[in-house]
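Please keep the structure in view while reading.

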Amino acid sequence: MPLARSVSVTSLSGLDEWDEDFDLDDAVLFEIAWEVANKVGGIYTVIQTKARLTCEEWGENYFLVGPYMESNVRTQVELIEPTNPVLRRTIDKMNSSGCKVYFGRWLIEGSPYVVLLDVGFTAWSLDRWKSELWENCAIGVPWFDREANDAVLFGFLTAWLLGEYAAQCEDPPHILAHFHEWLAGLGLVLCRQRQLPVATIFTTHATLLGRYLCAGNVDFYNNLAEFNVDKEAGDRQIYHRYCLERAAARCAHVFTTVSQITAIEAEHLLKRKPDIVTPNGLNVKKFSAMHEFQNLHAQSKSRIQEFIRGHFYGHLDFNLDKTVFLFIAGRYEFSNKGADLFLEALARLNYLLRVNHSETTVIAFFIMPARTNNFNVETLKGQAVRKQLWDTAQTVKERFGKKLYESLLVGQLPEVSKMLDKEDFTMMKRAIFATQRQCLPPICTHNMLEDSSDPILTCIRRIGLFNSSQDRVKVIFHPEFLSSTSPLLPMDYEEFVRGCHLGVFPSYYEPWGYTPAECTVMGIPSVSTNLSGFGCFMEEHIADPSSYGIYILDRRYRSVDESCNQLTSFLFQFCQQSRRQRIIQRNRTERLSDLLDWRYLGRYYVSARHMALSKAFPDTYVYEPHDPTSTSGFRYPRPASVPPSPAHSLHSSPHHSEAEDEDERYDEELEAEKDRVNIRHHSVYH
């Protein structure tokens, strides 16, 4: 079924179709990952959103392989009997040999088949398999690393599954196995060591050593070529994990990473240059709002404003209509995710807004889960006070309305002095007194277990952003993922993102970056960096990303202080935009949705699979890389329902529009042409 798109989102009409004439009828694809039907991190999102497109390409010959987790299976998987006779024989043979293998459909879009391996049931084989791993591959796994033990069990079970499947085939099989991350990588190493007839792909979404090094505050990207990788991995007690990851990367027929920046990292740390970069996409249909994304922004923004009214009760001395909502969200990695840089930039932005006597107020949300024991009492009280004020206003309104109605019924204009009696004024005065507050609005919405040592709170104490009335920048730290059932801020993540004005993700280590990608498909501008996969991808595809609401911060070639000044400049310029300029910018941001759709990005995975098949089975498959010069530019026809952007909004920092701008007329053909030439040519091969 074709992907439904809203009229305001146009397709990439300039992209050529890739007809590779690969006959996949005799081939079978196994995609193996620890996060199949088991949500741990971003790889779950990759596999889940990509499943439908892969099912359309491979049909009944596509199987996802993951660990059996009973709690997840009960809610996500429908267990059934295998329809493929070879796979049925394979699973029966493994189950009769002391394994527990389950088969079913994963209840997500596309309903892919899943093969789930019960890792715990075969734990009795762990010591034997560890010995075999040491004898054949010289990789030793310590007993205390539970995650690595799971990787050993999962790897041997995966290799057993693929080997048994090959043995059960009557004709010579064409098996393709795609492994994600080091937790699944051992299965690939064993396939090559046992010389199974399997074409293999290994995708690393982030290198183990890279994540550990960046978390240690080293100058990572400027010293990539200098690291003694064995020593660094050993110092961090992850040498065995590093060996598993490096072996998988070196043994695979095709090695891929999710971004150009991770490709450079992998070349130095894993000692192999990736064959293809396979960027992460999204199922854009989920976010297509059918002309309504601007309306959805307004609706969600009003819900955030209601929360702000309660949170800042007694100190609501700023105009909510002139308030800009910024946010950062993700794992609580203070430096890797750039929360440190964001806070420092907010302090500088606060100074700029104050000295320029700006009427704009900025409220920055930090949505990062940390250890808490409950909601902050003061925060809950704020929402209760807001609700009480609302109820009082409604009561007075009803009494006023009843008196007005009765006065009009008898044909008299009401006497204003008699419309509100003494009781009404008493109620309103009591409500006003209830909003008096002796303390400042809280920074954190929850009670933190490690308040004194928490990195965000410690930094806020240092820079002095305490939500005081003279500050133009306010900060709210919500140390819990958002939920529509929360008594505090009852919104799910998608609703919240739609209601904000700008996502800020100044990451130092971000192999891809789903958060800015989700912002883009919802029409919300974002700040990313040239050290994130998303930022590199957008720089590669778009000649001037900032004109489309994609601000890319330079964290690779600038010092921390220079990067902070650049981020401050981005934020200050964004605050100077008029409401109309922000609407136009959101329209332009939403036009980029197709660039992030699996319908387009899935072709990188197609190329990787075809390359692997041709390397493993050269007599059957022949693969010729595409000539990158033959790919025409991406074209963005202007949306029929959205006015094009004004010329001045094409620059990185649109100036504040004057009153006469409201009547400005635009040449739509000229604007559409600017969009067409603003997108760069791009090649799959690197």
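A crossing of two helices is called left-handed if the near helix is turned anticlockwise from the far one by less than a right angle, and right-handed if clockwise. The model is predicted, and local features need pLDDT of at least 70, side-chain atom pairs count only at pLDDT 80 or more, and totals for chains, interfaces and linings use all residues. Residues are numbered from 1 along each chain as its sequence is written, while side-chain values use heavy atoms, with hydrogens and water left out.

The chain holds 23 helices and 17 strands, where helices (H or I, at least four residues) and strands (E, at least two) are DSSP runs numbered from the N terminus. Of its 686 residues, 58% count as buried, that is, under 20% relative accessible area with a 1.4 Å probe and protein chains only.

Two packed helices are described by the angle between their axes and the distance between the axes. Axes are lines fitted to C-alpha atoms, for helices over the stretch in contact, and angles run from 0 to 180 degrees between N-to-C directions.

| Helix pair | Axes come within | Crossing angle |
|---|---|---|
| α13 (residues 377-409) and α15 (residues 422-434) | 10 Å | roughly 165 degrees |
| α6 (residues 181-193) and α9 (residues 239-251) | 8 Å | roughly 50 degrees |

Angles under 35 degrees count as roughly parallel, over 145 as roughly antiparallel, 65 to 115 as roughly perpendicular and the rest as oblique. With axes crossing at roughly 165 degrees, α13 is therefore roughly antiparallel to α15, and α13 passes α15 in a left-handed crossing. The contact (heavy atoms within 4.5 Å) involves residues including Leu 389 and Val 396 of α13 and Met 427 and Met 428 of α15. By class, this contact of α13 with α15 has seven nonpolar, three polar and four charged residues.

Helices α6 and α9 are oblique to each other, and their crossing is left-handed. Among the residues that make the contact are Trp 182 and Leu 186 of α6 and Leu 244 and Cys 251 of α9.

Where does Asp 554 lie? Asp 554 is placed in the loop between β17 (550-553) and α20 (560-575), and Asp 554 is buried, with a relative accessible area of 15%. The side chain of Asp 554 reaches the backbone nitrogen of Arg 556 at 3.1 Å. Leaving aside neighbours within four places in sequence, Asp 554 is in contact with Asn 530, Ser 563 and Gln 566.

Definitions and conventions:
Nonpolar A, V, L, I, M, F, W, Y, C, P; charged D, E, K, R; others polar. Buried < 20%, exposed > 50% of the residue type's maximum accessible area, 1.4 Å probe, protein only. Polar contact = N/O pair within 3.5 Å; in protein donor to acceptor, adjacent residues only side chain to side chain.
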